[in-house]
Amino acid sequence: MKTFSDALKSGSVKLRDYVEKAAQTGELDDRLFAVDLSKADAIDAAEFFDRTELVENLENLVRQVLRRVSQGSGNAVYLLDTVMGGGKSHTLVYLYFLFKKRPLANSRPEVRKILRDEELEGVPDAEVVVFDGMSADPNLPFEKQPSVAKFFEGGGGKDDVARSIEAVGKPVVFLLDEVLAYLAKRREGWVSDLAFIRTLAEAVADTANSVFVATVPSDTSNQEGYQRLVAAFKEIKRKAVLIHPQNSGEDFARIARKQIFKSIDVKEAEEDAKWARTRLEREGYAMNEKRDEKRYAECYPFHPMLIDV
């Protein structure tokens, strides 16, 4: 079995450039691993796709959104319910690039597979509307925020908003991040704002093929007012599909490997997994060949116990 150092020297594992630089300088810019929906245009979309592991829950959401936009089938409203660092903003940025960078998205192997499965020639043309509560003006009510204001100009009722959405002439993909952070800054205005957000979600549900995706963190502050906001936002949850972008236990190894390594030799990972199983059985540990070897191979070059910690 090769050591990690041997694997690096032989090229069976290749570090990403920023990891190699960090190893040389002793400094790693943790902003590389955080994404801001309001600043998505400043992100290199090709690198973002390359560093994103399409885990099962994210892939399922992408499939459902594509079905909705292309065929009008399935649900129109999705809430991403997760803890801090659980991939909610990353998921929204993925959807943003999926529709804003269609030629690039269509060239990605993982997207092409989904398109084949869904019998689509390419990612459908859609207008993308972004609302980021962290960067939104707290002095403006929700219906006056620049990104969504035009949809309320014809009236604030659900039918009025639905007509405004349909008037765009193509599907509209609404991506809302940090909604609760925005509402918390709005003080007494949050009740009205939440009502307009709910109206927007309900209007989207009444359109032919538009979609509404918003994030709702489950690790909210213990402050009484903030908890009231979370409780009030559950009104929308009754009309939405709740999505957890990633399974922290099962997906972490795949996500970490994709972020740190350019490539990993799959054959070598499988050989090392067999070596580990044989060695542990020799020491008297009961091992399940398929399950445990698969776990070791999926975590390679990390030890599964390190991932579990």
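In which kind of crossing, left-handed or right-handed, does α8 pass α10? This report on a predicted model starts there.

## Helices α8 and α10

α8 passes α10 in a right-handed crossing. Helix α8 covers residues 158-166, and helix α10 covers residues 190-205. Their axes lie 8 Å apart, and the packing angle is about 60°. Angles from 65 to 115 degrees would count as roughly perpendicular, and those under 35 degrees as roughly parallel. The two helices are therefore oblique to each other.

Which residues make the contact? From α8 come Lys158, Val161, Ala162 and Ile165. From α10 come Thr199, Leu200, Glu202, Ala203 and Val204. Sorted by class, the contact has 6 nonpolar, 1 polar and 2 charged residues.

## Phe174 in strand β4

Phe174 sits in strand β4, which runs over residues 172-177. Is Phe174 buried or exposed? Its relative accessible area is 0%, so Phe174 is buried.

Leaving aside neighbours within four places in sequence, Phe174 is in contact with Val129, Phe151, Ile165, Leu200, Val204, Val211, Phe212 and Val213. Ile165 belongs to the α8 side of the helix contact, and Leu200 and Val204 to the α10 side. Val129 is 45 residues away from Phe174 along the chain, yet their C-alpha atoms are separated by 4.8 Å.

## Helix α4

Helix α4 has 16 residues, 56-71. At 1.5 Å a residue it should span 22 Å. Its end C-alpha atoms are 22 Å apart, so the two values agree.

The buried residues in α4 include Leu58, Leu61, Val62 and Val65. Arg63 and Arg68 are buried too. Just after α4, Gly72 takes a positive phi of about 75°.

Key
Residues numbered from 1 in each chain as written. Predicted model: local features only at pLDDT ≥ 70, side-chain atom pairs only at ≥ 80, totals over all residues. Heavy atoms only, no water. Helix = DSSP H or I, 4+ residues; strand = E, 2+ residues; numbered from the N terminus. Expected span 1.5 Å × (residues − 1). Buried < 20%, exposed > 50% of the residue type's maximum accessible area, 1.4 Å probe, protein only. Contact = heavy atoms within 4.5 Å. Axes fitted to C-alpha atoms, helices over the stretch in contact; angles between N-to-C directions. Parallel < 35°, antiparallel > 145°, perpendicular 65-115°, else oblique. Left-handed = near helix turned anticlockwise from the far one by under 90°. Nonpolar A, V, L, I, M, F, W, Y, C, P; charged D, E, K, R; others polar.
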